Amino acid sequence: MAVCVAVIAKENYPLYIRSSPTENELKFHYMVHTSLDVVDEKISAMGKALVDQRELYLGLLYPTEDHKVYPSYLLCRYGYVTNSKVKFVMVVDSSNTALRDNEIRSMFRKLHSSYTDVMCNPFYNPGDRIQSRAFDSMVTSMMVQVC
Amino acid sequence: MADAALFEFLHTEMVAELWAHHSDPGPGGQKMSLCVLEGMGFRVGQALGERLPQETLAFREELDVLKFLCKDLWVAVFQKQMDSLRTNHQGTYVLQDNSFPLLIRMASGLQYLEEAPKFLTFTCGLLRGTLSTLGIKSLVTASVASLPTCKFQVVIQKT
């Protein structure tokens with residue numbers, strides 16, 4: 001179950017960030033912020049490695065066990081970068097069900113296609129915060145999806 | 001190919017409408033219409049730059065992005081590929097199209113040479129918008145030597 005979904009613009013400011021247990025919102029914001037460093041590291045590492053093809057899905061960034069909060073979560077962060085350098089970061093609570101890699105990938109694909117739809121909306125100015133209700137409802141469906 | 005015709009007609013009307021507004025065009029009026037047209041192309045390019053590379057893998061370098069423009073973008077918008085891409089490896093690229101679909105219905109040869117540039121402004125904006133979404137700031141200009149061959153010059157702005 002995704003507990004936090006964030007869309008970060010290429011200049012590293014958030015276009016959209018939403019977390020599910022709202023009392024820990026600041027903590028999730030902070031987690032996403034720190035994950036950006038890891039994302040940047042992965043992007044530049046792949047560039048130097050002269051890999052022929054670079055995937056958009058970055059995979060598990062790093063997990064943390066959280067014993068300060070009761071009940072303890074196992075929070076995993078996953079990242080994804082589009083060709084336009086827009087980053088998606090997802091924090092997932094995998095203490096209940098171990099989400100398979102494929103499921104995470106499909107969640108990111110859905111995010112990417114919804115983001116593309118937002119971009120193509122003529123009422124949306126690129127660079128603004130995302131306020132589309134369709135995008136909101138798609139993210140809500142991801143957050144309550146696997147429980 | 002009815003779909004291609006739809007865009008061509010719409011584009012022709014756009015140029016005609018923006019030109020007609022300044023029916024008594026001094027140099028200032030003309031420039032504003034071209035800016036508006038280029039701006040439209042820019043916004044469309046931004047959206048296309050997000051949608052078209054969705055399934056492709058990440059671009060490794062600038063030349064890959066330009067190749068993507070010449071092949072995938074051109075095929076998506078004009079149903080054909082760009083005919084040639086040249087570069088001086090220092091940030092300037094010249095894309096040449098030998099039978100540009102928006103000009104091919106007009107004339108072939110030197111007739112209407114002065115009118116041709118305004119039909120290329122939207123496409124210049126389109127290229128600039130797509131490049132901007134893919135992370136490249138650029139300046140795009142177009143030139144016509146004889147219809148329907150035209151060249152788009154892309155100069156990458158180094159920051």
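## Where the chains meet

Between chain B and chain A the count is 1 salt bridge. Asp117(A) pairs with Arg51(B) in a salt bridge, with the closest N and O atoms 2.7 Å apart. On the side of chain B that touches chain A, H2 and H5 of chain B are the elements that give two or more residues. H2(B) gives the most, with 5 residues.

In contact terms, 16 residues of chain B meet 21 residues of chain A. The two chains bury about 1700 Å² between them, and 49% of it is on carbon and sulfur atoms. In chain B, the residues that lose the most area to chain A are Glu50(B), Gln54(B) and Arg60(B), together 35% of what that side buries.

## Confidence

This is a predicted model. The predictor gives the complex an ipTM of 0.80 and a pTM of 0.83. Chain B has a mean pLDDT of 85, with 92% of its residues at 70 or more.

## The nonpolar cores

The largest nonpolar core has 39 residues. Leu95(B), Phe100(B), Leu103(B) and Phe152(B) have the most contacts inside it. Helices and strands of chain B both contribute two or more residues, including helix H1 (2–21), helix H3 (62–78), strand S2 (92–97) and strand S4 (149–156). H3(B) gives the most to this core, with 9 residues.

Leu95(B) touches residues beyond four places away in sequence, among them Leu66(B), Cys70(B), Met82(B), Phe152(B) and Val154(B). Apart from this core lies another, of 27 residues, including Ala2(A), Val92(A), Met119(A) and Val139(A).

Notes. Residues are numbered from 1 along each chain as its sequence is written. Chains are lettered from A and ligands numbered from 1 in the order in which they are written. This is a predicted model: local features need pLDDT of at least 70, side-chain atom pairs count only at pLDDT 80 or more; totals for chains, interfaces and linings use all residues. Side-chain values use heavy atoms; hydrogens and water are left out. pLDDT is the predictor's confidence in each residue, from 0 to 100. A nonpolar core is a set of buried Ala, Val, Leu, Ile, Met, Phe, Trp, Tyr and Cys residues joined through side-chain atoms within 4.5 Å. Buried means under 20% relative accessible area, exposed over 50%, partly exposed in between (1.4 Å probe, protein chains only). Helices (H or I, at least four residues) and strands (E, at least two) are DSSP runs, numbered from the N terminus. Contact means heavy atoms within 4.5 Å. Buried area is the accessible area (1.4 Å probe) that two parts lose on being put together, summed over both. A salt bridge is a side-chain nitrogen of Lys or Arg within 4 Å of a carboxyl oxygen of Asp or Glu.
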